[in-house]
Amino acid sequence: MTASHASLRDDYEVSIPEIDFLVGLANSFPGVFGSRITGGGFGGCTVTLVKTENANALMEKMSQDYDAKFGVKVSSFITTPGSGAHPVNMF
């Protein structure tokens, strides 16, 4: 994930300082496996893989630090992976 974000930031130049800040903060936090920009680029969202027991503390840290640096409240939520694409028997 970290290499993917670096490529999107450096090779494709679709990241912005605010996203780079969140990704850098997440990647330095205990229990984080990786973080990157997601979506179409040029702002928007990050996705971070983090141990369950560290998730709430990370969201609080991101909220506090982002607000302190940029003067904007960040919104975060926890989700879990789904089963992905697979055939569905309709009949």
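Select Asp10 and Arg9 to begin: these two residues form a salt bridge, with 2.7 Å between the closest N and O atoms. A salt bridge here is a side-chain nitrogen of Lys or Arg within 4 Å of a carboxyl oxygen of Asp or Glu. Asp10 is partly exposed because its relative accessibility is 44%, and Arg9 is likewise partly exposed, at 32%. The classes are defined by relative accessible area: buried is under 20%, exposed is over 50%, and partly exposed lies in between, with a 1.4 Å probe and protein chains only.

This is a predicted model, in which local features need pLDDT of at least 70 and side-chain atom pairs count only at pLDDT 80 or more, whereas totals for chains, interfaces and linings use all residues. Residues are numbered from 1 along each chain as its sequence is written, and side-chain values use heavy atoms, with hydrogens and water left out.

The whole structure contains 3 salt bridges. For another, select Lys61 and Asp65, whose closest N and O atoms are 2.9 Å apart. Both residues belong to helix α3 and are 4 residues apart, about one turn of the helix. Helices (H or I, at least four residues) and strands (E, at least two) are DSSP runs, numbered from the N terminus. Lys61 is partly exposed because its relative accessibility is 33%. Next, select Lys73 and Asp67, a salt bridge with 3.1 Å between the closest N and O atoms. Lys73 is exposed, with a relative accessible area of 63%, while Asp67 is partly exposed, at 25%.

Now display the whole of α3, residues 52–70. Gly71 follows the helix and has a positive phi, near 70°.

Which residues make up the largest nonpolar core? Select Leu22, Leu25, Ala26, Phe29, Val32, Leu58, Met62 and Tyr66, 8 residues in all. Helices α2 and α3 each supply at least two residues of this core. Apart from it lies another core of 5 residues, among them Leu8, Ile19, Val23 and Ile37. A nonpolar core is a set of buried Ala, Val, Leu, Ile, Met, Phe, Trp, Tyr and Cys residues joined through side-chain atoms within 4.5 Å. In soluble globular proteins, nonpolar side chains tend to be buried together.

Centre the view on Leu22. Leaving aside neighbours within four places in sequence, Leu22 is in contact (heavy atoms within 4.5 Å) with Thr46, Met62, Tyr66 and Val74. Then extend the selection to the buried residues of α2, which are Ile19, Leu22, Val23, Leu25 and Ala26. Viewed down the axis of α2, these residues fall within an arc of 165°, so they line one face of the helix. The arc is that of the directions from the helix axis to the C-beta atoms. The buried residues of α2 pack against α1 (2–10), β1, β2 and α3.

Proceed to Pro30, in the loop between α2 and β1. Pro30 is exposed because its relative accessibility is 53%. Beyond neighbours within four places in sequence, Pro30 contacts Val50 and Asn54. β1 and β2 pair in the antiparallel sense over 6 bridges; strands count as paired if DSSP finds at least two bridges between them. Gly34 has Leu49 in β2 as its bridge partner, and Arg36 stands opposite Val47 in β2. The two strands form a hairpin with 6 residues between them, and Gly39 in the turn has a positive phi of about 95°.

Finally, select two residues other than glycine with positive phi. Phe42, in the loop between β1 and β2, has a phi near 60° and is exposed, at 58% relative accessibility. Glu13, in the loop between α1 and α2, has a phi near 50° and is exposed, with a relative accessible area of 58%. Most residues other than glycine have a negative phi.
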